[in-house]
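User: I'd like to learn how to read a structure like this one, feature by feature. Could you walk me through it, starting with the salt bridges?

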Amino acid sequence: LPTHAGSSLEPEERSMEPPAMPEEEMPLSAAPGLAGCQLFGYVGIEAVLDQMKIKTMKTGFEFNIMVVGQSGLGKSTMVNTLFKSKVSRKASQPGQEERIPKTVQLQSITHVIEEKGVKMKLTVTDTPGFGDQINNENCWDPIIKYINEQYERYLREEILITRKRKIPDTRVHGCVYFVPPTGHWLRPLDLEFMRRLSKIVNVVPVIAKADTLTLEERAEFKQRIQEDLKTHAISVYPQEDFDQDPDDRVLNDRIREKIPFAVVGADQEHQVNGKRVLGRKTKWGIIEVENLAHCEFPLLRDLLIRSHLQDLKDITHNVHYESYRVRRLNESNRP
């Protein structure tokens, strides 16, 4: 007798699997390789951003910065200018014309800064005059040792059986290297320092006291520095190898064109056109720190704080610290 597909005469021949659906009728969520699916109404996924913001505002976050360069280039003043407060070091004698004492040893100072409810635990590591001695052989060793010590401290906390819920982060997230405004090529000392340090930390070079150069000298000096870095294969922050998103690459390419930033630091306010501005007073007028026509300090501030602060922390954790961690664990596993 002829049988029909829907007949109950052949249950043993039926497959237990549901019939395959045509490719065009497959539900969107089940199709492989799709980035997302069409929602039929508001779910509230975007609320996770508010949750992250609230949590961050309650706990705060950490940011650690190091400044390196010769004595007298304004390292401490620049940090005070960045955060608009006396976060680096205060003068030994209070007065109208405050003078910041010379750094004689590598020291870190930690402050908690709060702005609009967001708390940041800021640690500034000020280094003694780098390259001031007659014999500067291996003068970068104390700085390398300090950076690796912070990685080691984090690693020891991380590998504990019972570890803290939030490991204190003292790792250096960014190192601002101050290039003296000679107007010539980079010194061998500068090249050797950046070559060694760029492998273990994010190095951001800046031209210190850029008001001592004319605009033409500044542009030519900046171009020579870029050529030096390229010739010696020194990768400063933001590193081209770590650009993953096309939009990030476009933004970072614009930044790389302007590195090193020509900066001027000042922690005193002056009256200009009825407004109080940070600047340096000279015989010819006032150099406004936050005026792009005068110097590139706003670009440095935006890079370190407003646009790339989290990226500095991510690269420190995922690249530099990871390299240190792998090396240390390999050493401990050797017979």
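Analyst: Let's begin with one side chain. Glutamate 192 has a relative accessibility of 22%, so it counts as partly exposed. Keep in mind that this is a predicted model.

User: Which residue does glutamate 192 meet in a salt bridge?

Analyst: The general idea is that side chains of opposite charge can pair when their charged atoms come close. Here the partner is arginine 196, with N and O 2.8 Å apart. Arginine 196 is partly exposed too, at 32% relative accessibility.

User: How should I read the spacing of arginine 196 and glutamate 192 in helix α4?

Analyst: Start with the helix itself: an α-helix has 3.6 residues a turn, so residues three or four places apart point the same way. In this case arginine 196 and glutamate 192 are four residues apart in α4, so about one helical turn separates them.

User: Where else does a salt bridge sit within a helix?

Analyst: Look at helix α6, residues 246-258, where arginine 256 and aspartate 253 are three residues apart and therefore separated by about one helical turn. Their closest N and O atoms are 2.8 Å apart. Arginine 256 is buried at 19% relative accessibility, while aspartate 253 is partly exposed at 29%. Salt bridges can also share partners: Glu152, Arg156, Arg328 and Glu331 are joined into one network that way.

User: How many salt bridges does the count come to?

Analyst: The count is 18. Another of them links lysine 164 to glutamate 157, with the closest N and O atoms 3.8 Å apart. Lysine 164 is partly exposed, at 46% relative accessible area.

User: Back to α4. Which of its residues are buried, and what do they pack against?

Analyst: When you read a helix, list its buried residues and then see which elements they touch. For α4 the buried set is Leu189, Asp190, Leu191, Phe193, Met194 and Leu197. These buried residues pack against β1, α3, β4, β5 and α5 (215-231).

User: β4 is in that list. Is strand β4 enclosed or open?

Analyst: Check each residue of the strand, then check each face. Six of the six residues in β4 (174-179) are buried, so the strand is largely enclosed by the rest of the structure. One face has Gly174, Val176 and Phe178, the other has Cys175, Tyr177 and Val179, and all of these are buried.

User: Which strands pair with β4, and in what sense?

Analyst: For pairing, note the partner, the direction and the bridges. Strand β1 (residues 61-68) pairs with β4 in the parallel sense over four bridges, and there isoleucine 65 stands opposite glycine 174. Strand β5 (residues 203-207) is also parallel to β4, with five bridges. On that side tyrosine 177 faces proline 205. To get from β4 to β5 the chain passes through helix α4 (residues 188-197), making a right-handed β-α-β crossover.

User: What is tyrosine 146 in contact with, leaving aside its neighbours within four places in sequence?

Analyst: Its contacts of that kind are Met66, Leu106, Ser108, Thr125 and Val172. Take leucine 106: it is 40 residues from tyrosine 146 in sequence, yet their C-alpha atoms are 8.7 Å apart.

User: How does the whole chain read?

Analyst: The chain has eight helices and nine strands, and 38% of its 335 residues are buried. Of the contacts with a separation of 6 or more, 65% involve residues 24 or more positions apart. The chain exposes about 21400 Å², with carbon and sulfur atoms supplying 52% of it.

Notes: Residues numbered from 1 in each chain as written. Predicted model: local features only at pLDDT ≥ 70, side-chain atom pairs only at ≥ 80, totals over all residues. Heavy atoms only, no water. Buried < 20%, exposed > 50% of the residue type's maximum accessible area, 1.4 Å probe, protein only. Helix = DSSP H or I, 4+ residues; strand = E, 2+ residues; numbered from the N terminus. Pairing = 2+ DSSP bridges. Right-handed = clockwise from strand over helix to strand, strands pointing away. Contact = heavy atoms within 4.5 Å. Areas by Shrake-Rupley, 256 points an atom, 1.4 Å probe, with all protein chains shown as cover. Salt bridge = Lys/Arg side-chain N within 4 Å of Asp/Glu carboxyl O.
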